[in-house]
Amino acid sequence: MHVDVIVIGGGAAGLFCARTAGLRGRQVLVLERNPRLGNKILISGGGRCNFTNVGATAANYVTQGSPHFVKSALARYTPQDFLALVERHGIAWHEKKLGQLFCDQSSKQILQLLEDECADAQVQIKVGSIITNVERLAAPEASETPESRDPRWRVSTSQGEFRARSLVVASGGLSFPKLGATPFGYELAQRFGLQVINPRPGLVPLTFSSADLAQFGELSGLSVECLASSHDDAPTFRENLLFTHRGLSGPAILQASSYWKAGESVRLNLVPNHSVRDLLDSARRGGRELKSVLRPLLPERFIVAWSKSHAPSRPLGQLPQKELEALAQSLEAWEFKPGGDEGYPKAEVTVGGVATAELSSKTLESRRVPGLHFIGEVVDVTGWLGGYNFQWAWASGHAAGSFV
Ligand SMILES: Cc1cc2nc3c(=O)[nH]c(=O)nc-3n(C[C@H](O)[C@H](O)[C@H](O)COP(=O)(O)OP(=O)(O)OC[C@H]3O[C@@H](n4cnc5c(N)ncnc54)[C@H](O)[C@@H]3O)c2cc1C
């Protein structure tokens with residue numbers, strides 16, 4: 001079988017690319033390994049799919065490459081474009097917070113939208129396709145002139161052999177292996193000489209060291225608003241932090257985790273709306289107790305656990321300035337050193353992937369290997385929590401789909 005475009009991976013990016021190319025009259029074949037399409041779409045956003053973020057800009061993406069790389073694709077397919085498509089399909093939506101748009105009913109509606117769009121664009125889809133080999137056809141069969149539609153790729157699968165002019169890899173990252181994540185895209189990129197930035201879990205809960213576990217492990221379920229930042233160059237996130245029985249989670253930690261590397265610490269301000277130092281200073285002058293200062297600021301259970309290692313043996317009034325400052329710091333600039341992270345089974349995304357320097361920002365085509373494109377999460381572009389990852393999937397899928 002010979003088509004114009006083979007897309008490997010029937011997730012968000014692959015289906016969107018397929019539909020975009022199909023609507024341009026291209027013959028497109030999607031090969032999906034799982035028995036059904038879009039597994040991650042279905043579980044996304046707690047079952048309601050946070051399908052975009054109206055404020056998405058380049059600043060909301062983590063990459064080891066140029067921060068400008070995502071701009072071209074994001075500008076040519078915007079959150080408003082996807083929202084217009086959602087409305088055209090009659091899907092009711094709402095903004096939850098911070099520009100995050102969710103379906104009112106179910107993530108299934110977004111997958112249905114993609115399937116309907118692909119059907120309209122006459123995209124062929126083969127689920128349950130196990131790819132056994134990808135081969136680049138040698139000249140003269142493969143002609144490299146821009147007008148040529150000669151096939152350049154042969155893909156062998158459990159469902160037969162297919163040839164195509166363009167190959168789009170949309171096989172996603174490594175997170176949630178139980179949903180069928182594979183390293184296929186990274187391995188293919190490396191086989192064709194493209195650099196891959198070492199993948200690691202992102203948007204992932206961080207675990208306690210054994211000392212922190214002993215002190216804070218019992219706080220499981222407790223949530224506090226905080227400022228979280230992985231290092232000085234990383235953004236600071238003002239969101240909730242959640243204590244779990246193994247470590248810290250919640251949006252603040254998930255966001256910071258995408259910038260965090262093993263061995264580093266995450267700086268946390270657990271009292272973002274006040275200066276603890278000023279409060280302690282005035283409490284000292286007024287002869288008040290430490291706990292009475294902290295009670296309006298933090299949950300009682302946290303104060304008890306924190307006090308085990310931090311509460312001074314002397315009354316506040318007798319504390320030297322240096323000790324007072326250390327107390328304030330432990331709450332305003334807690335250098336939390338995680339023991340590790342919860343790994344791919346709990347990570348929403350994969351940080352790293354095919355190096356952006358290898359790809360055209362306009363078409364997502366490999367600079368070294370004409371006709372080979374990488375889109376979506378397999379690329380070294382990771383969005384913040386809040387609909388940014390799907391927006392990258394739509395935008396990068398659209399960019400490649402408009403070119404192939
Ligand atoms: C629990 C969870 C919740 C999330 N919620 C949100 C959210 O609300 N908003 C948001 O923006 N992002 C969310 N994300 C992230 C988002 O789901 C991903 O960033 C996005 O799905 C990436 O799209 P993709 O098409 O690149 O990859 P995927 O959606 O992972 O699709 C890749 C596809 O390729 C297939 N595949 C893999 N290997 C092969 C192979 N060898 N052969 C053939 N097919 C293959 C896979 O089976 C899969 O169907 C969430 C992620 C998780 C895990």
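A salt bridge is taken here as a side-chain nitrogen of Lys or Arg within 4 Å of a carboxyl oxygen of Asp or Glu. The model is a predicted one, in which local features need pLDDT of at least 70 and side-chain atom pairs count only at pLDDT 80 or more, while totals for chains, interfaces and linings use all residues. Residues are numbered from 1 along each chain as its sequence is written, and side-chain values use heavy atoms, with hydrogens and water left out.

By the salt-bridge rule the count comes to 14, and two of these pairs are set out below.

| Salt bridge | N to O distance |
|---|---|
| Asp 4 and Arg 149 | 3.8 Å |
| Lys 97 and Glu 239 | 3.0 Å |

The pair of Asp 4 and Arg 149 links distant parts of the chain, 145 residues apart: Asp 4 belongs to strand β1 (residues 2-8), and Arg 149 to the loop between β8 (131-136) and β9 (153-157). Helices (H or I, at least four residues) and strands (E, at least two) are DSSP runs, numbered from the N terminus.

The domain assignment, which is automatic or taken from a database, divides the protein into domain 1 (2-201 + 348-401) and domain 2 (206-341). Their centres, taken over C-alpha atoms, are separated by 40 Å, and the contact (heavy atoms within 4.5 Å) takes 10 residues from domain 1 and 11 residues from domain 2. About 890 Å² is buried between the two domains, with carbon and sulfur atoms giving 52% of that area; buried area is the accessible area (1.4 Å probe) that two parts lose on being put together, summed over both. On the side of domain 1, Arg 200, Trp 384 and Leu 385 lose the most area to domain 2, together 53% of what that side buries.

Between domain 1 and domain 2 the count is 1 salt bridge.

Aromatic rings form a further group of contacts. Rings of Phe, Tyr and Trp (its six-membered ring) pair if their centres lie within 6.5 Å, and planes under 30 degrees apart count as stacked, over 60 as edge-to-face and the rest as tilted. This rule gives 20 aromatic pairs. In one of them, Phe 216 and Phe 243 have ring centres 6.0 Å apart and planes at 45°, so the pair is tilted. Because Phe 216 lies in helix α7 (residues 210-216) and Phe 243 in strand β14 (residues 237-243), this pair ties together parts that are 27 residues apart in sequence.
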